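Subject: A structure for you to explore

Hi there,

I am passing on a structure that I have been reading through, and I hope you enjoy looking at it. Please open it first and then come back to my notes.

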Amino acid sequence: MSLNRPIRPTCLQCSRMRPPIQTPTSFGKFTYRQSSSSPFSTAQANRRWPRLALTILGLTLPTSYFLFPSPPIMTPHMYSDQPVSSTQSISTQHKLITVPIPPSSKEFFERPYRPDGSIADAEGGEVVVQHMMIKSPDIQIERPYTPVNDGVEDGEVRMVVKRVRGGEVGRVVHNLKEGNKVGIRGPIPTFSIYPNEYDKIIMISTGTAITPFLQLLSKLPAPSTSSSSPKLHLIHSKPLQGREDWAATSTDKSFIPSLQAKFGSSLQVSRVEPGLVSRPVVENALRQEKKDVKERVLVLVCLPPMLMRPLCGSMLPNLDQGPVTGLLGELGLTNKEVWKLE
Ligand SMILES: Cc1cc2nc3c(=O)[nH]c(=O)nc-3n(C[C@H](O)[C@H](O)[C@H](O)COP(=O)(O)OP(=O)(O)OC[C@H]3O[C@@H](n4cnc5c(N)ncnc54)[C@H](O)[C@@H]3O)c2cc1C
């Protein structure tokens, strides 16, 4: 997946991220006076209660700040320690972790950056798939993880993290318990598209590489009869024998069964055998429904290099797209129609 980072220095300091400035509360007609020795009257009591209220506020505000501190801002550029609200094992190798989005960080999700650092046209239908970076607290390494869900809708990011043998950040994440803090930064744009520019979007993945497609499908609106939404085709390989097929469970509303319920016949899901994606599967996905007009197709590919190379050619070492070769190249597709994800 592209690791283009939005270079927006304004982000760190920009005023839109600052919490609103609280204007001092006005006590209206009540003035702050020294108590007198005159007999207690209603008027005097009226004058005293603002002082009492101020005293109570003065005592409770600092206490509640320490007892219930609001989480720090989550930004693309700087790490912050955010509380993990839940962790769930969804297979022997995969954990689903949930990190709430602090209110001060919502704007990064609602008005996302494109990979080139400009602000995306969310109102115009542009959809940006984003990832987060998680770091190990002991040694300074970080790894990207793609939330499976729509952060704007849910107010949280949910990430499926695979633990690989000897994997450093995977180990850190798998040891997290509910309430622990995790060093995280983001969201960072992975890719962005205008879905309505296409008649058909084909997504090809294996393993946890399905996560950008689960997020994309979570962010796309459900098809409506009024607007022209693209046909969607998810081609995802089955897990190796004996491994849990977590994406096919109903554990999360961003997993395949819920997405199939959301999109109905607009989403076709093909589960293929592990390994190279075969020519008939690809040809079948590319088959045109309308014979007379050429369909506008986008093929998104998220596969490990050894499976990506024969399908569409590798990405370049600098993570540029590189030419479309392999099977998709043979079938006449070009860079306009294929997008490779690291
Ligand atoms: C943009 C982007 C988004 C990503 N999103 C996700 C995501 O949502 N969920 C997720 O789990 N991963 C995701 N990854 C992969 C993730 O960033 C890490 O590479 C992976 O978790 C391994 O990190 P680690 O520190 O645990 O292992 P490392 O210490 O980096 O690796 C330890 C060993 O495991 C090998 N290894 C690394 N990855 C795998 C693998 N997938 N299968 C088998 N062996 C492997 C390494 O080659 C190395 O030998 C994403 C990667 C990118 C670039």
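Two things about the basis first. This is a predicted model, in which local features need pLDDT of at least 70 and side-chain atom pairs count only at pLDDT 80 or more, while totals for chains, interfaces and linings use all residues. Residues are numbered from 1 along each chain as its sequence is written.

**The sheets**

Helices (H or I, at least four residues) and strands (E, at least two) are DSSP runs, numbered from the N terminus. Two strands count as paired if DSSP finds at least two bridges between them. As background, strands of a sheet pair through backbone hydrogen bonds, either parallel or antiparallel.

Strand β4 (residues 127–135) is joined to β5 by 4 bridges, the two running antiparallel. Here Lys 135 stands opposite Glu 142 in β5.

Strand β3 (residues 94–100) is joined to β6 by 7 bridges, and the two run antiparallel. Leu 96 has Val 160 in β6 as its bridge partner.

**The annotated binding site**

Which residues does the UniProt annotation "binding site" cover? According to that unreviewed entry, they are Arg 143, Pro 144, Tyr 145, Val 160, Lys 162, Val 169 and Thr 211. UniProt positions are given in the numbering used here, feature names are shortened, and annotations may be inferred rather than shown by experiment.

I followed up two of these residues, using two terms. A residue is buried if 20 or more other C-beta atoms lie within 10 Å of its own, exposed if 12 or fewer, and partly exposed in between, with C-beta atoms placed from the backbone. Two residues are in contact if their C-beta atoms, placed from the backbone, lie within 7 Å.

Lys 162 is in strand β6 (residues 156–162). Lys 162 is partly exposed because 17 other C-beta atoms lie within 10 Å. Apart from its neighbours within four places in sequence, Lys 162 is in contact with Gln 93, His 94, Gly 170, Gly 207 and Thr 208.

Val 169 is found in helix α5 (residues 168–174). Is Val 169 buried or exposed? Val 169 is buried, since 21 other C-beta atoms lie within 10 Å. Again leaving aside neighbours within four places in sequence, its contacts are Ile 134, Ser 136, Ile 141 and Arg 143.

In helix α7 (residues 256–263), Ile 256, Leu 259 and Phe 263 are buried. They cover an arc of only 65° around the axis, which puts them on the same side of α7; the arc is that of the directions from the helix axis to the C-beta atoms. What covers these buried residues includes α6, β9 (231–237) and β10 (267–272). After α7 comes Gly 264, with a positive phi near 55°.

In helix α9 (residues 305–312), Leu 307, Met 308, Leu 311 and Cys 312 are buried. Seen down the axis, the buried residues of α9 fall within an arc of 100°, so they line one face of the helix. Pro 305 and Met 306, on the other side of α9, are exposed. The buried residues of α9 pack against β11 (297–302), α10 (326–330) and β12 (338–341).

Happy exploring!
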